[in-house]
Amino acid sequence: YMERISVLKDKFIIIGSYFKKEKKSKKLLSKKSFTSHIVAFEVDKKTGVLNPKHIDLFNVEVEKKSRRGDFDVYVSDNNEKVLINHTSYYKKKRRTIATFKLFNNNLEIEEEFTEDFKKRDEPNAIDRINNLVIDNEGSIYYLVGLSKFVSLDANKGYEKWEEKIDIEKAKPGSQITRLRYTFDKDDNINIFGFYREQKAGLKGVYTLKLDYLTKEIVHSEISEFDDAFLNNLKSSRQKKKEAKGKVVNVSDFFNTIDMIPQEDGSMAISAETQTHYINSGDNGYAETALYSSIVTMEVNPNGKLSWAKYIPKKQLFWQVGINFNGFVLYTGTFFGGLRLMLPANSSKYIKYFGSVAGVQNDKLIVIYNDHKANTANTSKKDRKTMKSVKSARPVARVYDLKTGDMTQKDVKKGKQSDAPFNPTVSYRTNDGSIIVFGQKGKRFKFGELSLN
């Protein structure tokens, strides 16, 4: 299987995997063995020429195909280091073993280590290792649950350093979800996630900063959202329950997170809720993609939440196919009615969903396609859902980072009719502008979005 394409300093690498079963050998009296392999193909960045000879990265012996494990790939910001980890559960040993390998730009191995966990050792369970990250020198950092932060310093022979985490405000049974990493201008590690309580659901945010040199925790903070913000995420039914004194679970989750470090050590953050479900069977087919509300916020240099603002948004694609004696009839938001046809290509429509964010002149700007009938003052219940690019226009919400005050502006210039704004393809430059992409059918355009 071809799994991923990653960008290195002077090449692209295509990473794939395959599984191999070795039969028993009577001569050597060897047992049947199963091996999970991870390989890479190199593609020259300038010419696009593929080297057909693959490079072996991992050959991991596993118990069986169904437990061949998973792997993840992490690349440093300067595209010179690649960290790959393979994780598999070994039932006979009752252990989960994760193997980590660090490679340089030439895919030569620089460091290798393993983490070995008991299946039910909750504080150290392997599925609670969250979002590994590597810096430009190849140092490796990761969280184990919320009990400790682990670092392996490239400048100290990858000596392992563990720093215990104490979250004083966290209630029993609470969780930190959607953890994300980034480096600030001083190469300190900043971690951000959402704080959830057992019955109440979403309550606030969690931040942690780790000093680059000492590897000590600078701050570890929980900040709660105010009631006005959380009310935006509650249904009318939940509000009625709450008025009767009942605890309601705020289930909104923001799973696409953009963290933008600032010069003073603060953090501008934009997060969006995105879901995409597909169900297919003998009786029919159903697909739903929903890109909904956005939250913008600023975290101060001490890790405290300064302000958080809610953006009501609903970008929806759905289609359903019903099987009638071998004939499948489809209906959905983008082609309406009931038709005898194949499923619509959802990516053709979803590429106009989502948002992009950037910071310029102490302003956080979030840009997305909204229904052209909506204004900045349209209430949540009266907002129209964007179901087709024909009804959309790109808008920008501009937030003052110091106060959180917002103004909404239309995105100027650019011919939407020729090449509608496609948020799924964008790149934020070092000077703060955003390279954007627009497409309609076979017509497409690249452009630069100035945030002035």
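Rings of Phe, Tyr and Trp, the last taken by its six-membered ring, pair if their centres lie within 6.5 Å. The legends below describe a predicted model.

**Figure 1. Ring pairs link Phe-192, Phe-194 and Phe-254 into a cluster.** Nine aromatic pairs are found in the structure. Phe-254 is also a member of a nonpolar core of 21 residues, which includes Leu-202, Val-250 and Tyr-310.

**Figure 2. Phe-100 and Phe-113 form a stacked pair.** A pair of aromatic rings is described by the distance of the centres and the angle of the planes. For Phe-100 and Phe-113 the centres are 4.6 Å apart and the planes are at 10°, so the pair counts as stacked. Phe-100 belongs to strand β7 and Phe-113 to strand β8 (residues 109-118), so the pair ties together parts that are 13 residues apart in sequence. Phe-100 has a relative accessible area of 1% and is buried. Phe-113, at 13% relative accessibility, also counts as buried.

**Figure 3. Trp-307 and Tyr-399 form a stacked aromatic pair.** The distance is 5.9 Å centre to centre, with 20° between the planes. Trp-307 is in strand β20 (residues 305-311) and Tyr-399 in strand β26 (residues 392-400), so the contact ties together parts that are 92 residues apart in sequence. Trp-307 is buried, at a relative accessible area of 7%. Tyr-399 is buried as well, at 2% relative accessibility.

**Figure 4. Lys-101 lies over the face of Phe-58.** The distance to the ring centre is 4.7 Å. Lys-101 is also one of the residues touched by Leu-83, a core residue shown in the next view.

**Figure 5. The largest nonpolar core has 29 residues.** Those that touch the most other members are Leu-83, Ile-140, Tyr-142, Phe-149, Tyr-181, Ile-189 and Ile-191. Two or more core residues come from each of β7 (95-104), β9 (129-134), β10 (140-144), β11 (148-153), β13, β14 (189-197) and β15 (201-210). Leaving out residues up to four places away in sequence, the contacts of Leu-83 are Asp-72, Val-73, Tyr-74, Phe-100, Lys-101, Leu-102, Leu-132, Ile-134 and Ile-140. Among these, Phe-100 is buried, and Ile-140 is listed with the residues that touch the most other core members.

**Figure 6. Lys-81 and Glu-110 are joined by a salt bridge.** There are 13 salt bridges in the structure. In this one the N to O distance is 2.9 Å. Distant parts of the chain are linked: Lys-81 is in strand β6 (residues 81-90) and Glu-110 in strand β8, 29 residues apart. Lys-81 is buried, with a relative accessible area of 12%, whereas Glu-110 is partly exposed, with 33%.

**Figure 7. Glu-221 and Lys-304 meet in a salt bridge.** Their side chains are 3.1 Å apart, N to O. Glu-221 lies in strand β16 (residues 217-224) and Lys-304 in the loop between β19 and β20, so the pair ties together parts that are 83 residues apart in sequence. Lys-304 has 30% relative accessibility and counts as partly exposed.

**Figure 8. A salt bridge joins Lys-381 and Asp-382.** The N to O distance is 3.5 Å. Lys-381 is exposed, with a relative accessible area of 72%, because exposed means over 50%. Asp-382 has a relative accessible area of 47% and is partly exposed.

**Figure 9. Strand β21 (residues 315-324) is joined by bridges to β19 and to β22.** Eight bridges connect β21 with strand β19 (residues 284-299), and the two run antiparallel. Within this pairing, Thr-288 has Trp-318 in β21 as its bridge partner. Six bridges connect β21 with strand β22 (residues 327-332), again in an antiparallel arrangement. Here Gln-319 stands opposite Gly-332 in β22. β21 and β22 form a hairpin with two residues between them. In the turn, Asn-325 has a positive phi of about 50°.

**Figure 10. Pro-172 is in the loop between β12 (159-164) and β13 (175-183).** Pro-172 is exposed, at a relative accessible area of 78%. The C-alpha atoms of Pro-172 and Leu-107 are separated by 44 Å, and the two residues are 65 apart along the chain.

Key:
Residues are numbered from 1 along each chain as its sequence is written. This is a predicted model: local features need pLDDT of at least 70, side-chain atom pairs count only at pLDDT 80 or more; totals for chains, interfaces and linings use all residues. Side-chain values use heavy atoms; hydrogens and water are left out. Two strands pair if DSSP finds at least two bridges between them. Helices (H or I, at least four residues) and strands (E, at least two) are DSSP runs, numbered from the N terminus. Buried means under 20% relative accessible area, exposed over 50%, partly exposed in between (1.4 Å probe, protein chains only). A nonpolar core is a set of buried Ala, Val, Leu, Ile, Met, Phe, Trp, Tyr and Cys residues joined through side-chain atoms within 4.5 Å. Contact means heavy atoms within 4.5 Å. Rings of Phe, Tyr and Trp (its six-membered ring) pair if their centres lie within 6.5 Å; planes under 30 degrees apart count as stacked, over 60 as edge-to-face and the rest as tilted. A charge sits over a ring if NZ of Lys or CZ of Arg is within 6 Å of the ring centre and within 35 degrees of the ring normal. A salt bridge is a side-chain nitrogen of Lys or Arg within 4 Å of a carboxyl oxygen of Asp or Glu.
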